[in-house]
Amino acid sequence: MRTRKAQIISAVIVAAGALLFVLWRIILFLGGTGMQEATSISPSIRLNTIGYLPDYPKRASVAHRFERFAVVRVSDGRTVYEGEASGPVTNSDTEEQIYIADFSALKSPGEYRLEIPGVGSSPTFRIGANVYAAPFVTATRAMYLWRCGTAVSGKHGEDIFAHGACHLEDAYMDYVGGGNTRKDTTGGWHDAGDYNKYVVNAGVTVGVMLRAWEDLGTRLRRVRLDIPESGGKLPDYLAEIKWEIDWLLKMQAEDGRVYHKVSTRNFGGFIPPEAEKEPRYLAGWSTAATADFVAMTAAFARAVQPYDRAYADRCLQAALKSWQFLQKNPQNIPADLRGFSTGAYQTNDPDDRLWAVAELWETTGDPELLKDLEQRIREQRAQVDQIFDWGDVRNLGLITYLLSRRNGRDSALVAQVRSNLLATADRIVQTAQSHGYARPLGTTYYWGCNGAVARQSVLLYAAYRLTRKTEYLHTIADALNHLFGRNYFGRSFVTGLGYRPPMRPHDRRSGSDKVDAPYPGYLVGGAERNAKDWRDEEADFRTNEIAINWNGALIYALAVFV
Ligand code: 9MR
Ligand code: ZN
């Protein structure tokens with residue numbers, strides 16, 4: 001039996017232990033709330049990691065059950081907004097239950113993060129009127145960094161991205177009946193993660209970028225890109241496009257036909273562009289490339305006219321010459337690409353011809369061209385496709401026709417195009433609203449579909465111009481929200497921007513320089529077979545390549561909010 005003294009001692013020890021335990025918990029608790037950064041970022045909280053515009057809807061998709069959430073200001077750790085979860089909704093493509101945190105009511109500019117008890121916190125994001133200003137510049141400067149035939153250099157954060165003048169011998173005529181002689185086709189942009197240059201893919205890229213100029217030019221005119229031409233007679237944005245047009249003009253043959261591509265015979269290795277010494281050739285010619293050439297040069301003539309009349313005339317003359325060639329060759333003729341295993345970009349030309357004559361008419365006002373255009377629009381049932389890309393540029397022609405201020409159009413046909421376009425835009429709005437990540441393309445996935453997500457903005461903005469309904473602008477924001485992190489991966493799909501962006505894109509420059517980070521401002525292609533099919537791996541050209549047509553679309557979406 002223990003003594004009374006021993007009993008007292010053990011009771012004191014137990015009490016002291018309990019007191020120490022309580023003190024320890026209190027210290028932990030205070031430390032925990034005082035050090036917010038210690039809360040770990042949850043991969044389940046998915047939102048736009050660039051940020052939100054003050055007056056726009058602001059939603060995060062959360063793949064985890066929760067009840068309440070807080071928005072915390074980074075500067076002082078204060079909770080500035082609290083809300084409740086809605087949902088869940090079943091998201092079929094990602095096979096998830098998605099809960100939504102809606103903090104649209106928070107409008108004060110600042111830097112924030114979401115905190116969800118039992119889940120974690122989100123990456124930081126901003127609210128501000130200018131959240132897209134810097135990303136627009138980075139994505140457009142990415143076109144500059146894609147330049148071929150010249151040395152390029154650019155700084156992003158602390159990193160410098162640069163390469164020497166490349167492909168100065170473009171290109172040999174062996175495959176187009178010229179023997180081993182050269183036709184100067186230096187310049188232009190590399191296409192993608194490969195260094196080849198393809199006219200058809202230039203088509204939808206330049207077409208969408210010039211659409212941005214026509215729709216949003218008053219804002220774009222003021223944007224400084226710090227490119228070699230800055231301070232010259234053209235606004236920087238047009239100067240960057242002119243780099244591509246200068247190359248395209250060299251792709252035209254004497255009789256007006258246009259060569260389909262400049263390319264090595266096979267895809268090259270992951271070496272810097274100036275180290276690639278494999279011969280490059282002109283390949284084939286095609287009516288699609290020729291028609292796209294007409295559209296691009298005719299539209300550029302219009303854009304550049306106020307700044308450089310001589311160049312505008314040169315573009316228009318080139319466009320007319322190739323249009324005459326097409327008139328004499330009314331059948332679709334694909335390029336003969338035998339001998340090449342690089343990009344094909346083969347496509348039937350009726351949509352390309354429609355776009356060509358639309359831009360030529362808009363630039364010249366020639367009533368004969370309008371007749372031809374309206375005939376083609378009728379033949380193609382004035383059809384506005386939700387998804388369009390290098391293989392289908394009809395929308396570009398239809399939008400030019402629809403938004404034209406010229407007289408003489410058939411008003412019934414205009415009404416038909418208008419109603420088709422609005423129906424398509426409404427479908428995009430619906431699709432985004434019923435998707436767990438508000439993806440405007442819904443559950444459709446294929447090679448390069450991130451580009452198509454961004455390109456929805458072209459149709460949506462046309463619908464906005466016609467109706468001034470804000471839901472179209474909100475859906476463009478949804479596209480950007482998705483690409484910058486409100487997606488299954490909770491990551492940005494654009495190199496150098498946002499939270500955990502791609503680090504290993506399929507890009508030969510990034511894969512062969514000494515900088516750890518990839519060249520900045522590039523949208524990767526994204527999941528192909530299904531919603532989960534994306535790997536941030538260099539070898540994965542299916543889902544992790546970059547390409548001018550995808551960036552052109554991203555540039556359009558960003559331009560809406562610059
Ligand atoms: O964007 C193109 C995609 O629509 C095609 O399905 C794919 C396969 O033919 O090719 C893509 O384009 C690639 C081109 O052929 C070569 N340069 C890289 C392009 C992006 O992956
Ligand atoms: Zn090059």
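1. Glu95 is exposed, with a relative accessible area of 64%. Here exposed means over 50% relative accessible area, buried under 20%, and partly exposed in between (1.4 Å probe, protein chains only). Glu95 sits in the loop between E5 and strand E6 (96-102). Its phi is positive, about 55°, although Glu95 is not a glycine.

2. On provenance: this is a predicted model, in which local features need pLDDT of at least 70, side-chain atom pairs count only at pLDDT 80 or more, and totals for chains, interfaces and linings use all residues. Residues are numbered from 1 along each chain as its sequence is written, chains are lettered from A and ligands numbered from 1 in the order in which they are written, and side-chain values use heavy atoms, leaving out hydrogens and water.

3. Arg381 also has a positive phi, near 50°, and is a residue other than glycine. Look for Arg381 in the loop between helix H8 (367-379) and helix H9 (394-403). Arg381 is exposed, at 57% relative accessible area. Helices (H or I, at least four residues) and strands (E, at least two) are DSSP runs, numbered from the N terminus.

4. Next, a cis peptide bond to proline. Gly87 and Pro88 are joined by it, with omega about 10°. Pro88 belongs to strand E5 (residues 79-91).

5. Which peptide bond is cis with omega near -10°? The one from Asp170 to Ala171. Ala171 is in the loop between strand E11 (159-163) and strand E12 (197-198).
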